[in-house]
Amino acid sequence: MTISQTLSEIQELIELDKKHYLHPTTVPKLFQEKGPKIIFQEGKGIRVTDVKGDTYIDGVSMLWNVNLGHGNEELAKAAYDQLSTIAYSSSFYSYSNPNAVRLAQKVVSVAPGDLCAIFYTSGGSESNDTAFKLARFYWNLKGRQTKKKIISITRSYHGATVSAGSATGIEAFHNFAGSRDIDIINARGHVTNCELGDKTDSNYEGCIRDTIEKVGAENIAAVILEPIQGAGGVHVSPDGYLKAVKDLCKANEILLIADEVICGFGRTGQWFGVDNWDVVPDIMSVAKGITSGYAQLGGVLVNKEIRDTLNEHDQILGHGFTYSGHPTACAVALKNLEIIERDNLIGNAKNMELVLKNGFDYLANKHKHFAKPRAIGLLAGFDLQADPDTDTPFEQSIRAAAFVVEHCFNNKLILRAADFEEGKNIVAIAPPLIINKEEVEEIISIVDDALTAFEKTL
Ligand code: PLP
């Protein structure tokens with residue numbers, strides 16, 4: 001049932017919002033002029049309804065996290081049941097709770113390779129900060145105290161806390177705080193040949209291999225990568241890249257951290273993004289899809305070697321969050337994973353990838369600026385270019401992705417523009433994993449109209 005609000009209630013919300021509420025990745029000055037773009041009220045399946053009663057397709061699962069779609073009553077019940085039993089219990093000082101234990105077992109059972117234990121956090125940024133600290137702690141325990149630096153790559157998004165934000169390879173996210181973690185280095189990404197050792201490649205300078213050579217492996221704790229970069233523009237790791245980086249890390253005694261915050265738990269048609277290339281990281285960060293966004297939870301998985309090393313020493317893990325292992329978040333996550341398996345949502349993501357790709361073929365034939373379509377499971381995107389045949393971008397003044405996303409919004413489809421990089425106009429599509437064929441086709445049809453409208457502006 002849609003409970004829309006009266007016009008005066010909506011106006012009051014807008015005024016109060018402008019007055020008291022600071023929004024992430026929003027220009028405060030502009031917000032004072034325009035107010036909130038949409039005020040969400042409720043959701044069901046792949047759709048969300050705002051306070052005015054308008055219903056939209058959530059084509060990006062909000063922030064790539066609502067994998068089970070909105071209004072799932074089984075998840076709501078799991079949260080209610082747990083909250084009515086014990087609202088909260090701590091994980092510090094060896095305290096535990098059944099849901100956190102069972103979830104640890106479940107996540108480890110679906111994780112690749114020998115990842116065998118999880119440290120809980122409340123979200124993705126905390127997971128990546130924790131991953132960096134665990135990597136450094138591991139090397140400390142090994143007597144390798146100089147191994148402190150972390151290498152991340154261009155166009156990555158790893159979060160907004162100081163360390164995860166420093167690892168984020170999108171410049172736009174660095175304006176805010178000014179200071180950065182000096183032990184984090186951003187290397188050139190996705191240059192497979194270079195990571196395999198081809199020094200004649202013009203991209204060699206600044207690649208991960210070059211960075212390791214210049215900084216010294218003895219100073220580097222870990223490399224962090226998203227198997228498929230999300231916020232940076234849905235950039236899929238080129239074939240062979242993850243393996244090349246893994247081998248490079250191994251040869252240099254550097255840990256590989258996979259940031260699975262978006263890719264994890266079925267988004268890419270596999271349990272984890274790395275499974276698409278059969279690469280096993282030493283550490284894996286998760287969040288978002290672990291609860292489908294119904295509760296705040298993240299985690300960091302470590303492999304057997306790290307786990308054994310922690311077990312061999314008597315040093316305290318001097319780290320943790322009040323909400324590490326929150327019983328309600330873990331109850332929701334357990335139910336979420338149960339539903340993903342029961343309803344074969346990973347298989348559905350794979351099947352819907354094909355429907356999306358068919359739609360992309362149709363759009364590519366019809367629209368001459370439609371470029372570089374890609375979809376792995378339900379993590380998808382495309383570029384808009386002046387000339388796809390010659391890889392020529394639009395002039396900076398043509399905000400093609402922003403136009404298309406706005407047009408779709410006006411036609412009740414929420415998508416996301418990634419236009420952080422100069423000349424790049426990327427549109428991201430990542431609907432809930434419960435989506436069906438007709439709904440994917442509805443998305444394609446709305447995008448089709450937006451592309452037609454865009455062409456008329458040129
Ligand atoms: N890592 C990746 C790949 C992400 O996409 C995000 C958020 O979008 C994060 C980390 C940060 O997660 P959070 O916003 O939960 O801190």
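Predicted model: local features only at pLDDT ≥ 70, side-chain atom pairs only at ≥ 80, totals over all residues.
Where is K372 placed?

K372 sits in strand β13, which covers residues 370-376. Its phi is near 45°, a positive value in a residue other than glycine. K372 counts as partly exposed, because 17 other C-beta atoms lie within 10 Å, and a buried residue would need 20 or more.

There is a second residue of this kind. W64 is not a glycine either, yet its phi is positive, at about 55°. W64 belongs to helix α3, residues 61-64. Is W64 buried or exposed? W64 is buried, because 23 C-beta neighbours fall inside 10 Å.

Back to β13, and to its sheet. This sheet is open and has 4 strands, in the order β13-β14-β17-β16, with antiparallel pairing. Which strands stand at the edges? They are β13 and β16, the latter being residues 416-418. Each has a single partner strand, so one side of each is left without a neighbour in the sheet. On average, neighbouring strands here are turned by 25° against each other, direction ignored.

At the β16 end, β16 pairs with strand β17, residues 426-429, in the antiparallel sense over 3 bridges. To find that pairing on the screen, look for R416, which stands opposite A428 in β17. At the β13 end there is a helix. Helix α13, residues 345-366, lies across β13 and β14, where β14 is residues 379-384. The helix runs at about 175° to β13.

Now the other sheet. It is open as well, with 7 strands in the order β4-β12-β11-β10-β7-β5-β6, and its pairing is mixed. The edge strands are β4, residues 115-121, and β6, each pairing on one side only. The twist from one strand to the next averages 25°.

Strand β6 is residues 184-187, and it pairs with strand β5, residues 149-153. The pairing is parallel, over 4 bridges. I150 has I184 in β6 as its bridge partner. How does the chain get from β5 to β6? It crosses through helix α7, residues 162-167, and this β-α-β crossover is right-handed.

As for the side chains, in a regular strand they alternate between the two faces of the sheet. In β6, I184 and N186 point one way, while I185 and A187 point the other way. All four of these are buried.

Further along the order we reach β7 and β10. Strand β7, residues 220-225, and strand β10, residues 255-259, are parallel and share 4 bridges. L225 stands opposite A258 in β10.

The next strand is β11, residues 283-286. β10 and β11 pair in the parallel sense over 3 bridges, and D259 has S285 in β11 as its bridge partner. What is the sense of the pairing between β11 and β12? That pairing is antiparallel, over 4 bridges. Within it, I283 stands opposite V302 in β12.

β11 is covered on both faces. I283 and S285 on one side are buried, and so are M284 and V286 on the other.

At the β4 end of the sheet there are two helices to point out. Helix α5 lies across β4 and β12, the latter being residues 298-303, and runs at about 135° to β4. Helix α11, residues 304-312, also lies across β4 and β12, and runs at about 90° to β12.

α5 has a helix partner too. Two packed helices are described by the angle between their axes and the distance between the axes. For α5, residues 98-110, and helix α12, residues 327-342, the axes come within 8 Å and cross at roughly 35°. The crossing is left-handed.

Which residues make the contact between these two helices? On α5 they are N99, A100, R102, L103 and K106. On α12 they are P327, C330, A331, A333, L334 and L337. By type, this contact divides into 8 nonpolar residues, 1 polar and 2 charged.

To recap the point I opened with: K372 is in β13, and β13 is an edge strand of the sheet of 4. That is where I will stop.

Technical notes
Residues numbered from 1 in each chain as written. Axes fitted to C-alpha atoms, helices over the stretch in contact; angles between N-to-C directions. Left-handed = near helix turned anticlockwise from the far one by under 90°. Contact = placed C-beta atoms within 7 Å. Nonpolar A, V, L, I, M, F, W, Y, C, P; charged D, E, K, R; others polar. Buried ≥ 20, exposed ≤ 12 C-beta atoms within 10 Å, placed from the backbone. Pairing = 2+ DSSP bridges. Right-handed = clockwise from strand over helix to strand, strands pointing away.
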